[in-house]
Structures are given as structure tokens and as C-alpha cells.
Amino acid sequence: LPRLGDVAVDARVVLFSLGTALATGVLFGVLPALHASRADLNETLKDGLKGSSGGPGRTRARQALLVAEVAISLTLLVGAGLMLKSMDRLRSVDPGFRSEGLVVGGVPLSSTKYDSVSARLAFYDQLHERLRTAPGVERAGFVSALPLSGSLSITGFWIEGKTPRGDNSQVPTAYVYAIAGDYFETMEIPLRSGRLFSATDRGDAPQVAIVNERLARQEFPGESAIGKRIQLGPPESPYVEIVGVVGDTRHQGLGDAAPSQLYLPYAQQPFGGMTAVARGRSAPTLGTTLRREVRAVDPDQPVALLRTMDEVIANGVARPRFITLLLGSFAGLALVLAVVGIYGVVAYSVAQRTQEFGIRMALGADARRVLSGVVGQAARVTAIGVAIGAAAALVMSRGLAELLFEVEATDPTTYVGIAL
């Protein structure tokens, strides 16, 4: 929740809640009392002798309340059902990497202290070597923009012999990442073809890049992307050779398709700050190890936003998860109210008509017929509430459409299941 730290219970909230509760109690207590004080005693005695449930007016009022309760509960239940189904689909999405046992932490270097490319390279090289040999660490690497973190950098690029200079509207774009260490191996992003970066891909070597499957498929349909050359920046910039193709990873969110992605070695494209990623069997221990090794390289260097990759993924679905929880809670309460309301009204009606039922059975009515009459009356009221609630749910679900993932707002299985 944004700005959750600013939210608190204060005197106004307490007074408003107290006033609402008192007003509700007084209103729904005074209205029946006023009605009772104006009642015709003769008619009341006659109704009592007949064993009726209070006349057609009262019966219709009770049934209207039941219809409203059922309709409201069904509307909320449909919304909660759609969100639950969407969340289930969202959780089953493959992000393109394995998050278990993965710890991440930002390591932004000071531009004053690390004012040269060689100084930044030396820091990350030393930190990678320490992490690689640290107890409990299986793999370690660095990336300029962590997947699902919200951080991104987009660049246009020109393909040699394909993308003409001058018409920028035709220039393809991609999310660009600088990586170091064993980033792909640590994240377990699969290599599809070609090779990964090696220790020889330094600043004085020919510039290279790795692309994801989507970029390769989109820009080089029907042919291999390996060996193709692209240019980043102005016309005088050197060409960069594509040496590998890796699997797609989700970046903006689990519900968003993987974008075109372009990876560059940090030694050739030294971005300012990097995020360290480390894999091991114990995530809490890994966090401590990462802080310790960073301090060993530079005692003044902080580690920002140290967390597990599972937490990063969970934060990415926080909004739909909260709405699902909220809708589910209200729907559950509405369902309880509807159940209690139906039971209360039917029980009251039965109690009022006990004498009537006795007379019917004394005259030969079958017990099952009496039972079916009572149940049928409740079923009719419920069916009307379900019909109205389904229509309201169709309108309400349009507002949820943008939050749903691979689930239609008019999903028939959800509507039929909730209605039943």
C-alpha cells in the first residue's frame, strides 16, 4: 500500500465509527418500535389467530431485504472469484529465472570515490571473487536493472545492413542491461544458442552483446541472431556483435510479456550502480554474507534493499493480492449475512406459521409438501437475488478487467460456480 506509514487510527476515525454504530442501532431499533406503536391491535390479533407471518406487506419487505443481501454477496463473491483465479494464473507464470535461494542487494558506487571506470571494475571484480568463494554461496553476479524491480533502461539500436540511419521511427528498441560476474548462471536464465560473456570481454576487446529470444525472433525471423552486428548510439559508435541468445525474463511485472532485452558486459558498458545477486541454500545466511563481503572490499559501501528474489516477486503482485484479499473479506462477510438473513427469515416464517402447518397436516397434507413449500419460497427469493447479483457483477467486473490476468471479466465458470 502506498504511504502506508502515514495511515493511522485517530480520534476522528474512532468517533466516526462510534457515531455510525450508534446511529445504525438507533435507526433500526426505532423504526420497528414506531411501526409497532401504530399497529392495529384487532388486525394483529387476527393475524396471530390465523398463524400468519405478518401480512403481505411485511413478507414482501423481508423478501426484498433477502434479495438485496443475496445480490450484494453474489456480486462481491464474483469479484473475489475472478481475482482469485487471476492470482492463481499469475502465480503460475514463469518469470524466466528461478527465484528460490536467490538474494539481491543494491551496491551503488559513489561517483566521487569511484570516479573512474577502472576503479568501478576493480570493485565489482574483487567483490565477485570474494562472493564466489564465500561459504554457502553457489553463484554470484551483478546486473544494472533487476527483473521485476521497476528499474529499467531502454535503448534504440541499428542493425547492420537492415536499419537505415535517419528515420528514427523505424529504430527497434530494447531494455538494456549491463551485467558482470556469473549473472545468467546465478539467475538460471537458460542459454539458447551461442555463448555467454567471458573474462576476455573487456574494454579493449571487440564489443559483444547477448539478446533474449524475443529480440532474436522479432528482429531476425527465420535466421540465427548469432554473428549479427548492431550499433548503439551515434553513427560513429562501434558495432556490437551478438554472441549469444538467452531465455526471456519478465521485467515490468508477471502479468506483462517479456520485452526485447539486450545484455552488455559491464566491462564494456560500465553503468553507475549495480545490483548484486547471489544464490545459495540459505537465503538469510546469504544476506549476511553479502553485507560482510561488501564491507570487506569497502567498509564504507552500503548495501541497499537487501531482500530475497521471492520478496521482489511478491512485491510485484502486491496490488492485485491486496484487492483480492479485500474483495474476499467483504464477500465472505456478505455471504455470512445472506446466510444468516435467509435462515432468520425462514425460521421466523416457520415459527409464525406453525399453527397453519399443523392444520394442513391434520387435514392430510404430506410433511414433504410442507417442507418443499418452505424451501421453495426461500429458493425463489434466492434465485431472484442471484439473477440481480449476476447482472450487477457483470457491470462491476468491468472495473476489474485491467487487474485480471488471463481471465475474462465474464468468465462463465466463475459466475456459474458462485451462483450455485
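Figure 1. Of the contacts (heavy atoms within 4.5 Å) between residues at least 6 apart in sequence, 79% join residues at least 24 apart. The model is predicted: local features need pLDDT of at least 70, side-chain atom pairs count only at pLDDT 80 or more, and totals for chains, interfaces and linings use all residues. Residues are numbered from 1 along each chain as its sequence is written, and side-chain values use heavy atoms, without hydrogens or water.

**Figure 2. The aromatic pair Phe123 and Tyr124.** The whole structure holds 7 aromatic pairs (Phe, Tyr or Trp rings, for Trp the six-membered one, with centres within 6.5 Å; planes under 30 degrees apart are stacked, over 60 edge-to-face, the rest tilted). Phe123 and Tyr124 pair edge-to-face, 5.3 Å centre to centre, with 80° between the planes. Phe123 is buried (under 20% relative accessible area; exposed is over 50%, partly exposed in between; 1.4 Å probe, protein chains only), at 2%. Tyr124 is buried at 2%. Ring pairs link Tyr114, Phe123, Tyr124, Phe142 and Tyr266 into a cluster.

**Figure 3. The stacked pair Tyr177 and Tyr263.** Their centres lie 4.8 Å apart, with 20° between the planes. Tyr177 sits in strand E5 (residues 173-181) and Tyr263 in strand E10 (residues 261-265), so the pair ties together parts 86 residues apart in sequence. Strands are DSSP runs of E, at least two residues; helices are runs of H or I, at least four; both are numbered from the N terminus. Tyr177 is buried at 1% relative accessibility, and Tyr263 is buried at 0%.

**Figure 4. Phe322 in helix H9.** The helix covers residues 318-352. Phe322 is partly exposed, with a relative accessible area of 35%.
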